[in-house]
Amino acid sequence: MTGSPTTKVCVVGAGPSGLIMARRLLAAGIDFDLYERHNDVGGIWDPDNPGSPVYESAHFISSKFTSYFYGYPMPENYPDYPGYRQLRDYIRAFAAEYGLYDHTTLGNGVDRADLIEGRWQVRLADGRQRAYSHLVCANGVTWHPNLPSYPGLDGFTGEARHSSTFRYPEEFKGKRVLIVGGGNSGVDIACDAARGADAAFLSVRRGYRYLPKHVFGVPLDVFINEGGSPPAGITAPEDPSELIDALVGDLTRYGLPKPDHAALSSHPIVNDQIIHHLNHGDITAKGDVAEFRGDTVVFADGSREKIDLVLFATGYDYAIPYVAKDLFRWTDGHPQLYLNMFSREVDSLYVLGFIEFADAAYHRFDEMAQLIAFDIAATGETRRRLTELKRTDQPDVRGGMHYIDTPRHANYVETHTYQHVLAGLRDTFGLPALDDRSHDRLRRGAAARVGS
């Protein structure tokens, strides 16, 4: 599978999804260039990259046992939940092991990609122009901070900024700190504030569950994916919501809202420490922010607190800034894609990484990249069938799950249903399932194993 002699693919972004795409194109024998605006691969996992949202205490929220690249497990000496330095080094070792640096241009991103007469005309940051047959957007979803608006915020006399600007816990020393937003990064940063601020507050609008990282001593994702059983003599609920509630307890006793949705109908908040800090009075839970008045934040329940620093952990906007927006159909700030990866309007346009599910991402990205590479190389009747599917197929990728109604969850999929749909597409076209041996022939073997 190599495509036509004129096939050459532009891949934008050398974070995990871009590197996975590059390895798959290499395996398929498809010519490509990978562009990265920063000086090394790794994307957000290098906090020295301008705009990276990674902070010193950042760790994976899925374990090393499920969150590795196919065929390239994380080192045995890594902890269950690696920190950002370990992830950065692991990603770079992966790129070296599979020869991906040879196809990567570093320190020179894509400024513009225009579809002209069926070909992609790409302008690089240094002004050079390149032409490609296909474009894969793998630039990630956490580079464009979403900042909310509140009455009185413009007149707030303290400091207010997005959580993407936060790096070190020392930033909280001697301050009264408010974290707005109860997602994974918000809760992580709230724990840093609980340890280092004079007073720490966490504002959340709705009731979430906070999942423990281990269940009966086993990493949460391993326990769930492998159908873990409790130790002998312990009976545990089979329903995930009931199990989590039994393990964590009644969240309302900490001042948090009661969870208003099933455990798996929202992006999971995987954090043990926030409950620890609430138990010890290191942080105070607050409801939604109503307004700002000078140096004071007023909450929806009428309570108020003097605050020195507000960090808005309020998520990110999906953006592909180098492609004309009208080449996608956008709903709730998300591009509408077939199987969350294929443009329905432009046959040579793909997006890898713009998908949300309650699962580790890298295996799913590899399975998506396999289908993207197959589509790029397809000709004749196969090409016609794929184009028709992209235009008209409307598969159920939610499996009957009702996700909470927020822009974040607009493109959410149920992971097992999604995997089943991808498997069906592979079967239709005779593609093999991927496993840890699928890329063995690409390994160089000379690259030093990270962590060894």
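A residue is called buried when its relative accessible area is under 20%, exposed when it is over 50%, and partly exposed in between, using a 1.4 Å probe and protein chains only. By that rule C10 is buried, with a relative accessible area of 0%. The model is a predicted one, in which local features need pLDDT of at least 70 and side-chain atom pairs count only at pLDDT 80 or more, while totals for chains, interfaces and linings use all residues. Residues are numbered from 1 along each chain as its sequence is written, and side-chain values use heavy atoms, with hydrogens and water left out.

**Nonpolar cores**

- A nonpolar core is a set of buried Ala, Val, Leu, Ile, Met, Phe, Trp, Tyr and Cys residues joined through side-chain atoms within 4.5 Å.
- The largest such core has 102 residues, and F172, Y210, I274 and L339 touch the most other members.
- Helix α7 (residues 362–377) supplies the largest share of this core, ten residues; helices (H or I, at least four residues) and strands (E, at least two) are DSSP runs, numbered from the N terminus.
- A second, separate core holds 23 residues, including C10, V12, Y322 and L327.

**Cysteines**

- A disulfide is taken as a pair of cysteine sulfur atoms within 2.5 Å, and the count by this rule is zero.
- For C10, the closest cysteine sulfur is that of C137, at 8.3 Å, which is too far for a bond.
- C191 counts as buried because its relative accessibility is 2%.

**Strand β3 and T105**

- T105 belongs to strand β3 (residues 104–106) and counts as partly exposed, at 27% relative accessibility.
- Beyond residues up to four places away in sequence, T105 touches L34, Y35 and E36.
- T105 and G13 are 92 residues apart in sequence, and their C-alpha atoms are 10.0 Å apart in space.

**Cavity**

- On a 1 Å grid over the protein atoms alone, a cavity is a set of points where a 1.4 Å probe fits but cannot get out, and lining residues have an atom within 4 Å of a point.
- One cavity of 30 Å³ or more is found in the whole structure.
- The largest cavity has about 50 Å³ of space, a volume being the space filled by probe spheres set on the points.
- Ten residues line the largest cavity, with R209, L211, H261, A263 and H267 nearest its centre.

Note on methods: On a 1 Å grid over the protein atoms alone, a cavity is a set of points where a 1.4 Å probe fits but cannot get out, and a pocket is an open set with protein on both sides within 12 Å along at least five of seven lines; lining residues have an atom within 4 Å of a point. Contact means heavy atoms within 4.5 Å.
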